[in-house]
Amino acid sequence: MSERDYYEVLGVSRSAPEDEIKSAYRKLALKYHPDRNPGDKTAEERFKEATEAYEVLKDPQKRQTYDQFGHAGLSGAGAGFGGAGFGGFDLSDALRAFMRDFGGFGTGGGIFDEFFGGGAGSQERYNRGEDLRARLELTLEEIQTGVEKTLRVRRLEACDVCSGSGLAPGASRQTCPDCRGAGQIRTLSRTFLGTIQQVKTCPRCRGAGETITSPCASCHGEGRVRGVSRIKVRVPAGISSGNYMTLEGKGNIGKNDGQPGNLIVVFEEKEHKIFTRQGNNVICQIPISFTLAALGGEISVPTLNGNHTLKVPAGTQSGKVFRLRSKGIPHLHAHGSGDELVQVAVWTPTKLSGEDKQLLQELDKSPSFTPPESDKSFFRKLRDSLGF
Ligand SMILES: [Zn+2]
Ligand SMILES: [Zn+2]
């Protein structure tokens, strides 16, 4: 436990701002870091002392307490680490504090968690199987009703031979002698920022922290092998391309009987022959004869669940849109469904007999067959009926 003045330890003034404290500490920490000074007890003490000072001075509340009461103010319960006071501030606390704030340099984030997560926690994380991703294509009809599908998924499954243990008959596990069970080893590398500690996966046990006297011949000690499984997916009605579902525990099983990862199923909508989707509405276009458009009548139009009779009123213009309520896609997170929009287009015959021509020429003489003068409002009405 240091009794030296914290400001003196870091070599900063009592009014030093936070960033000055941080950079002063960083310099000292890099200089006295135990990995740069192996076996040097004095350096270790300096490192601990500087880290302890930094832990107090970077925290406005602790700093205020220290300014007012000195070391005595910090020795009470709750003021130190884990409530133990600074008497319990040892080298591993100091290393942890350093890694937390500076471990990202040159080594990437997450080092702290991986290295100091400790014991069962990190072992569980290590052993957890990978998440997998699968694509599932659906037709609009399936999307409208919702559907249960079976996916064939290639994944790693528990080895039958060793029941996932990775051990050959009669074999056992022992703590890895290289990393002493940590699964990772610390190395030093020189960069332009100074010497940086790096944490690497132990090459001997490949992160497991354990070695096996004799691995299972079938899975080479991993406890898992490649397999193909059929997995049921219940797809709700109303999904869209890009929506996904997480099936917990359906990914790769973990090494040595570890927890399985998840299977993430990403949905994709297949293109439909007739319908295009716009939000939860579906749109289709139907050709009608010009006699039907003029006289009116009934036509049969497709929907996602069978045909539907649509009344076409006399005098229907080409491009007119009819709305079939609730014949579209159900809303995923709300009640109700979108609509089906049916746009009719008057189909002009392309092959006419002599008789057809004669009749049409007769009709053409009638003033009712002459279209009105060009008028924007006529086309605007047609556009508006589609809602574009
Ligand atoms: Zn190891
Ligand atoms: Zn095996």
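## The second largest pocket

Sorted by class, the residues lining the second largest pocket come out as five nonpolar, four polar and six charged. Here Ala, Val, Leu, Ile, Met, Phe, Trp, Tyr, Cys and Pro count as nonpolar, Asp, Glu, Lys and Arg as charged, and the others, Gly among them, as polar. This is a predicted model, where local features need pLDDT of at least 70 and side-chain atom pairs count only at pLDDT 80 or more, while totals for chains, interfaces and linings use all residues. Residues are numbered from 1 along each chain as its sequence is written, chains are lettered from A and ligands numbered from 1 in the order in which they are written, and side-chain values use heavy atoms, with hydrogens and water left out.

This pocket holds about 350 Å³ of space. Its lining has 15 residues, and the closest to the centre are Cys205, Arg206, Ile212, His220 and Gly221. Strand S6 (residues 210-212) gives the most to that lining, three residues.

Cys176 counts as buried at 1% relative accessibility (buried means under 20% relative accessible area, with a 1.4 Å probe and protein chains only). Cys179 is buried too, at 8%, and so is Cys205, at 8%.

## The largest pocket

Now for the largest pocket, with about 740 Å³ of space. Of its 23 lining residues, Ala294, Gln317, Ser368, Phe369 and Pro371 are the closest to its centre. Helices H10 (290-295), H11 (354-364) and H12 (376-386) each give two or more residues to the lining, and H10 has the largest share, five residues. By class, the lining divides into 12 nonpolar, nine polar and two charged residues.

A pocket is an open set of points on a 1 Å grid where a 1.4 Å probe fits, with protein on both sides within 12 Å along at least five of seven lines; lining residues have an atom within 4 Å of a point. Helices (H or I, at least four residues) and strands (E, at least two) are DSSP runs, numbered from the N terminus.

Definitions and conventions: Points joined across faces, edges and corners; volume = space filled by probe spheres on them. Buried < 20%, exposed > 50% of the residue type's maximum accessible area, 1.4 Å probe, protein only.
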